[in-house]
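Hello,

Please have a look at the sequence and the model first, then read on.

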Amino acid sequence: MRALITGITGQDGSYLADLLLSKGYEICGMVRRSSLENFGRIEHIRDQITLVQGDLLDSSSLEKILRDFSPDEVYNLAAQSFVPTSWEQPILTGEFTALGVTRMLEAIRQACPQARFYQASSSEMFGKVREVPQKESTPFHPRSPYGVSKVYGHYITINARESYGLFAVSGILFNHESPRRGLEFVTRKVTHAAASIKLGMQSYVELGNLDSRRDWGFAGDYVDAMWRMLQQETAEDYVIATGQTHEVRDLCKVAFGDLGLDYRDHVRINTDYIRPAEVDLLIGDPSKAKNRLGWTPAVTFEELVRMMVRSDYDLLSGRAGQSKKTTKIVRADSLLKSTDKIISPKTKVEVLR
Ligand code: NAP
Ligand code: GDD
């Protein structure tokens, strides 16, 4: 079997590549040109995969890759995936995350209509939730340009299935994390900061809304669900979630607590991290995936947070073995200052105690 993965340099792309290699797949990963290579998460499998240059903004590159490689399965994981950036760069987010899906589907129609297609849809589409828990039939109410773009990607995937008979599925995945998560997402920001504080490299971390609730699972479990969706007889859409929800505050408690710290001594609230519109509560109902795909998540929330804390602690203390090869060492405080805020003229910072 041959699989094309877009977004292979990202968190999910790297775990999916690990999984498909273990199943004997030949893998082609599409990467966009950059002045500096960004292959940290796939360094350990570089010699087992083929990387080709392409971009979701460039239809001709997509069609050429599909013709040259002729995949059996296409996993479209590439996107502008950070929600705050979607307010700062709404047009680019729409180009990548929404229209990029149409470009990929049109290229498949032209080059390899038999290929099975997976679209990385998101629980962000539920936004201001209309139902608790959220399932496949729950109406969408996205709260960010990212969420709106994902709704477009979801429906254009369904439309390709209904209009042209493509085997095209949309996986509605709730938040999933890992030691390979980008440092700007809240889980990794917290676990990395907790480890860094424990090691005396920084003394506090600034966060935004501690009240929001997410259904957090382990990325390694979630890529298995993607693969399962493409092995079914018919193309259908699935919610992938744990069915448990936790506040950002709980994340802080577990992460700092694991290192013998109290988060209230180290977390500050900075209004630059408060979003113009928030998704307050996400909790998914994964019953369909359980019954039809035989999928269940293996890693609990507490196990996930501890796995990430330990990995960051090892990384920062220079004790990392294998994981050092797959995750870059970057100081959270220096990196985050420039990239993950929505800068406002009236920034306010509060300490918790
Ligand atoms: P990620 O770590 O941010 O990775 C995104 C990937 O997309 C990177 O490989 C990036 O390449 C690539 N990319 C971005 N723009 C591109 C373009 N124009 N052309 C080609 N490649 C481009 O995201 P992730 O967490 O792995 O998520 C994978 C997908 O699942 C995304 O579509 C995301 O929106 C969706 N999703 C994620 C979650 C979650 O909780 N993780 C939940 C639901 C849905 P560079 O390395 O060059 O930047
Ligand atoms: N990033 C971040 N940084 N989030 C913070 C912070 C902070 O300092 N403080 C509080 N939060 C809150 C956010 O307001 C949000 O409610 C929650 O933490 C989670 O934020 P992220 O980790 O950035 O993830 P997300 O839920 O916005 O988006 C992720 O999950 C989606 C699926 O629901 C991304 O992976 C998306 O690509 C994905 O589609």
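Ligand 1 is surrounded by 25 residues, where a residue belongs to the shell if one of its heavy atoms lies within 4 Å of the molecule. Thr9, Arg32, Asn38, Ser81 and Tyr146 are the closest of them. Before I go further, a word on conventions: this is a predicted model, in which local features need pLDDT of at least 70 and side-chain atom pairs count only at pLDDT 80 or more, while totals for chains, interfaces and linings use all residues. Residues are numbered from 1 along each chain as its sequence is written, chains are lettered from A and ligands numbered from 1 in the order in which they are written, and side-chain values use heavy atoms, with hydrogens and water left out.

Back to ligand 1 and its polar contacts (pairs of N or O atoms within 3.5 Å; within protein, one must be able to donate a hydrogen and the other to accept it, and residues adjacent in sequence count only if both atoms are side-chain atoms). A polar side-chain atom of Lys150 sits 2.9 Å from an oxygen atom of the ligand. From the backbone, an N or O atom of Gly7 is 3.4 Å from an oxygen atom of ligand 1, and a polar backbone atom of Leu56 is 3.2 Å from a nitrogen atom of ligand 1. On its own ligand 1 exposes 900 Å², and the protein buries 90% of that; accessible areas come from the Shrake-Rupley method with a 1.4 Å probe, and for residues only the protein chains shown count as cover.

Which elements give two or more residues to this shell? They are helix 1 (11-22), strand 5 (116-122) and helix 5 (145-164), with strand 5 giving the most, three residues. Helices (H or I, at least four residues) and strands (E, at least two) are DSSP runs, numbered from the N terminus. By class, the shell around ligand 1 holds ten nonpolar, ten polar and five charged residues. Here Ala, Val, Leu, Ile, Met, Phe, Trp, Tyr, Cys and Pro count as nonpolar, Asp, Glu, Lys and Arg as charged, and the others, Gly among them, as polar.

Now for ligand 2. Its shell has 24 residues, and Ser122, Ser123, Tyr146, Arg275 and Glu278 come nearest. Helix 6 (186-198) and strand 8 (205-207) are the elements that give two or more residues to the shell around ligand 2. That shell divides into nine nonpolar, seven polar and eight charged residues.

As for the whole protein, there are twelve helices and 14 strands. A compact globule of 353 residues would have a radius of gyration near 20 Å, and the protein agrees with its 20 Å; the radius is taken over C-alpha atoms, and the globule rule is 2.2 Å times the number of residues to the power 0.38. The C-alpha trace spans about 60 × 45 × 40 Å along its principal axes. Of the 353 residues, 55% count as buried (buried means under 20% relative accessible area, exposed over 50%, partly exposed in between, with a 1.4 Å probe and protein chains only). Among contacts (heavy atoms within 4.5 Å) between residues at least 6 apart in sequence, 79% join residues at least 24 apart.

A few single residues to look at:

- Tyr238 is in strand 11 (residues 238-240) and is buried, with a relative accessible area of 1%. Beyond its neighbours within four places in sequence, its contacts include Glu136, Ile172, Met229 and Leu293.
- The peptide bond from Val132 to Pro133 is cis, with omega near -5°; Pro133 lies in the loop between strand 5 and helix 5.
- Ser70, in the loop between helix 2 (59-69) and strand 4 (73-76), has a positive phi near 50° and is partly exposed at 41% relative accessible area.

Best wishes
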